[in-house]
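Open the model in your viewer and keep the sequence beside it. This tour goes from stop to stop, saying what to select and what is found there.

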Amino acid sequence: MTGAPVHVLVVNAGSSSLKLRLLDAADEVVDAVALENWDGADTAELERFVRRLPSVDAVGHRIVHGGRRFSEPVRIDDEVREAIGGLADLAPLHQPRGVAGIDTVAQVLPGTPAVACFDTAFHTTIPDAAATYALPAEWNRRWGLRRYGFHGLSHAYVTRRAAELTRPPAREPRIVSCHLGAGASLAAVAGGRSVDTTMGFTPLAGLVMATRTGSVDPGLVLWLQQQAGMDADCLSHALERESGLAGLSGGTGDMREIMSGMDSGDEACRLAFDVYVHRLRREIAAMTGSLGGIDVLVFTGGVGEHNARVRAEAAGGLRYLGVTLDTKANEACTGEADISGAAAPVRTLVVPAREDLEITAHTRRTLAE
Ligand SMILES: Nc1ncnc2c1ncn2[C@@H]1O[C@H](COP(=O)(O)OP(=O)(O)O)[C@@H](O)[C@H]1O
Ligand SMILES: CC(=O)OP(=O)(O)O
Ligand SMILES: [Mg+2]
């Protein structure tokens, strides 16, 4: 290939969906498809989409875990592809889907350069005090046990947009970024750098998610193993796929359905919603501890962008930090919006997730090197 890639195909394989986009030289989206409930096994739809595209000069893949090795985007060759696949044990819901995306596109477009962009990369700036688990130090060294953090492509994009949208003040704002999708995490960002996040060694920690527990007492997991006779496979399946909103509601992990259940008097849905919001509010406050304050709160992801009630209930308990919302602006917002109360010292924003833009920029830059 000569010159910078013009059309970039972005493949974003999440835990519950596959989002495909083609961006042109001006970063305009010229084609897109989103498949819900994609499990990585059925690649026919992905193949069909790629085949119908008139021209693809480069491919950018979202890869959730970079492990110890990958802390920036990297051009994919056979060896890199193997290394990415080798991290499947650290992100069982994600890594195999990412690899399925790489393999399928490589089959349809052999020879087209491809770049892997990692969710973990943005968080490599987290200081040791926030990234280190209080485990035997030798274990941490031997296995690279630490807080990696995820959703970095999304947190990087929305916090940069948030800083642009709230200028002035001129100084770099302290931002808490809430990515609330099927997976959910918070990032604490100061001076454009991640300084803390709610996910950990794996994307299972932190907030309540669609089917993942978020953080639970490790003693509880040990108890289930030692006293309730559950083996590791059973626990892994339950904590990753049968917990979170789906586990508490006894059915759905989709926040829209949780809310309609709650509104028609379903007590399990009510509790699922309350636990979700409680954890969200508590963890936002925890992130402000890592930042020494807060200037901007930003919401993104399917729930963060579209669910005014979740935003209102989370913010409702954070008045003491200077967070208040404009009720009308919160309820009416579409796309990018400032939903802060008139006199609020903290600016609260909604910024749609654009991992595709972040991945396209990384892909162009990596292939230009
Ligand atoms: N238009 C919408 N209105 C309300 N909720 C939405 C909307 N779109 C998505 N959501 C919620 O967002 C969640 C999925 O988040 P999303 O970011 O789309 O998924 P993923 O993490 O797979 O990319 C679901 O709980 C769903 O209820
Ligand atoms: C890291 C993660 O949880 O991603 P997703 O939201 O796509 O499941
Ligand atoms: Mg997501």
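**Before you start**

This is a predicted model, in which local features need pLDDT of at least 70, side-chain atom pairs count only at pLDDT 80 or more, and totals for chains, interfaces and linings use all residues. Residues are numbered from 1 along each chain as its sequence is written, while chains are lettered from A and ligands numbered from 1 in the order in which they are written.

**Stop 1: the domains**

Select 8-118 and colour it as domain 1, then colour 152-350 as domain 2. These bounds come from an automatic or database domain assignment. The centres of the two domains, taken over C-alpha atoms, are 26 Å apart. Their contact takes 11 residues from domain 1 and 9 residues from domain 2; two residues are in contact if their C-beta atoms, placed from the backbone, lie within 7 Å. On domain 1, the side that touches domain 2 has 6 nonpolar, 4 polar and 1 charged residues. Here Ala, Val, Leu, Ile, Met, Phe, Trp, Tyr, Cys and Pro count as nonpolar, Asp, Glu, Lys and Arg as charged, and the others, Gly among them, as polar.

**Stop 2: ligand 2**

Select ligand 2 and the residues around it: Gly14, Ser15, Val64, Asp119, Phe150, His151, Gly181, Ala182, Gly183 and Pro203. A residue is near a molecule if its C-beta atom, placed from the backbone, lies within 6 Å of it. The shell divides into 4 nonpolar, 5 polar and 1 charged residues. Why does ligand 2 lie between domain 1 and domain 2? Both domains give residues to its shell, so it lies between them.

**Stop 3: ligand 1**

Move to ligand 1, which has 15 residues around it; Gly181, Ala182, Met255, Gly302 and His306 come nearest. Helix 10 (255-263) and helix 12 (301-306) are the elements that give two or more residues to this shell. Helix 12 has the largest share, 4 residues. Helices (H or I, at least four residues) and strands (E, at least two) are DSSP runs, numbered from the N terminus. By class, the shell around ligand 1 has 4 nonpolar, 9 polar and 2 charged residues.

**Stop 4: the core**

Show Ala116, Val176, Leu245, Ile284, Leu297 and Val298, which touch the most other members of the 93-residue largest nonpolar core. Such a core is a set of buried Ala, Val, Leu, Ile, Met, Phe, Trp, Tyr and Cys residues joined through C-beta atoms within 7 Å. Helix 11 (residues 267-291) gives the largest share, 7 residues. Because domain 1 and domain 2 both give residues to this core, it lies between them.

**Stop 5: the strands**

Select strand 2 (residues 17-23) and strand 3 (residues 29-36), which run antiparallel and are joined by 7 bridges. Strands pair if DSSP finds at least two bridges between them. Ser17 stands opposite Glu36 in strand 3. In the turn of this hairpin, Asp27 has a positive phi of about 65°.

Next, find the open sheet of 6 strands, ordered 9-8-7-10-12-11 with mixed pairing. Its edge strands are strand 9 (193-197) and strand 11 (337-338).

**Stop 6: a loop**

Finish at Gln227, in the loop between helix 7 (218-226) and helix 8 (232-241). Is Gln227 buried or exposed? Gln227 counts as exposed because it has 8 C-beta neighbours inside 10 Å; a residue is buried if 20 or more other C-beta atoms lie within 10 Å of its own, exposed if 12 or fewer, and partly exposed in between, with C-beta atoms placed from the backbone.
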